[in-house]
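Biologist: Hi! I'm new to this one, could you walk me through it?

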Amino acid sequence: PDVGKENKRIIDKYNGMCLGNSEKKYLYLTFDAGYENGYMPQILDALKKNNVKATFFVVSTFMKTNPELVKRMVDEGHIVGNHTMTHPNMSKMSTMEDFKSEIEPMEEMYKEITGKDMKLEAPLPEYFEKVLQELDTRAI
């Protein structure tokens, strides 16, 4: 899809990626809502049985209540992405401290559970240059 000229400029400026390789056909399986309704063990079982990897974007409530499932996701080769503490509209945040308060505690919890660094996917309705600038300085 066309992301628009301004969004493309911002994405390029911060070495982001929004569109994949149009020469090859890849399917990226991602979960960012709904899976937390008690079906995660079955989802992970089905993915493992079929040798499929996925990306799961999680918020703090899932991470706090299901550390064993987060660990299992990582152990089975999936990516666990940072979907923030409370999934706010981050484009409405007025300070970088507010932004960091949604991101950094998740990174810390994830590191405690897995011993690894976490990937980020902020819940934004549009691209937000201030957030991308901060991410660029954090080398995420």
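Biologist: What should I know before we start?

Modeller: This is a predicted model, where local features need pLDDT of at least 70, side-chain atom pairs count only at pLDDT 80 or more, and totals for chains, interfaces and linings use all residues. Residues are numbered from 1 along each chain as its sequence is written, and side-chain values use heavy atoms, leaving out hydrogens and water.

Biologist: Thanks! How many residues are in the largest nonpolar core?

Modeller: The largest nonpolar core has 20 residues. Met40, Phe56, Val58, Met63 and Val80 have the most contacts inside it. By nonpolar core I mean a set of buried Ala, Val, Leu, Ile, Met, Phe, Trp, Tyr and Cys residues joined through side-chain atoms within 4.5 Å. Buried means under 20% relative accessible area, exposed over 50%, and partly exposed in between, using a 1.4 Å probe and protein chains only.

Biologist: Which elements give two or more residues to this core?

Modeller: They are α2 (40–49), β2 (55–58), α3 (60–65), α4 (67–75) and α5 (96–114). Helices (H or I, at least four residues) and strands (E, at least two) are DSSP runs, numbered from the N terminus.

Biologist: And what lies apart from that core?

Modeller: Another core, of five residues, lies apart from it, and its members include Met93, Met96, Phe99 and Ile103.

Biologist: Why would such side chains gather?

Modeller: In soluble globular proteins, nonpolar side chains tend to be buried together.

Biologist: Switching topic: are α2 and α4 roughly parallel or roughly antiparallel?

Modeller: Their axes come within 11 Å and cross at roughly 10 degrees. That makes α2 roughly parallel to α4. Axes are lines fitted to C-alpha atoms, for helices over the stretch in contact, with angles from 0 to 180 degrees between N-to-C directions. Under 35 degrees counts as roughly parallel, over 145 as roughly antiparallel, 65 to 115 as roughly perpendicular, and the rest as oblique.

Biologist: Which residues meet there?

Modeller: From α2, Met40, Pro41, Leu44 and Asp45 meet Leu69, Arg72 and Met73 of α4. Contact here means heavy atoms within 4.5 Å.

Biologist: Now salt bridges. How many are there?

Modeller: The count comes to six, taking a salt bridge as a side-chain nitrogen of Lys or Arg within 4 Å of a carboxyl oxygen of Asp or Glu.

Biologist: Which residue does Arg9 pair with?

Modeller: Arg9 pairs with Glu6, with the closest N and O atoms 2.7 Å apart. Both lie in helix α1 (residues 5–13), three residues apart, about one turn of the helix. Arg9 is partly exposed at 39%, and Glu6 is partly exposed at 44%.

Biologist: What about Lys8?

Modeller: Lys8 forms a salt bridge with Asp12, at 2.9 Å between the closest N and O atoms. These two also lie in α1, four residues apart.

Biologist: And Asp75, is that exposed or buried?

Modeller: Asp75 is exposed, at 54% relative accessible area, whereas its salt-bridge partner Lys71 is partly exposed at 33%. Salt bridges that share partners also join Asp45, Arg72 and Glu76 into one network.

Biologist: Last one: where does Ile79 lie?

Modeller: Ile79 lies in strand β3 (residues 79–82). Ile79 and Ala54 are 25 residues apart in sequence and 6.5 Å apart in space, C-alpha to C-alpha. Not counting residues up to four places away in sequence, Ile79 touches Ala54, Thr55, Phe56 and Lys119.
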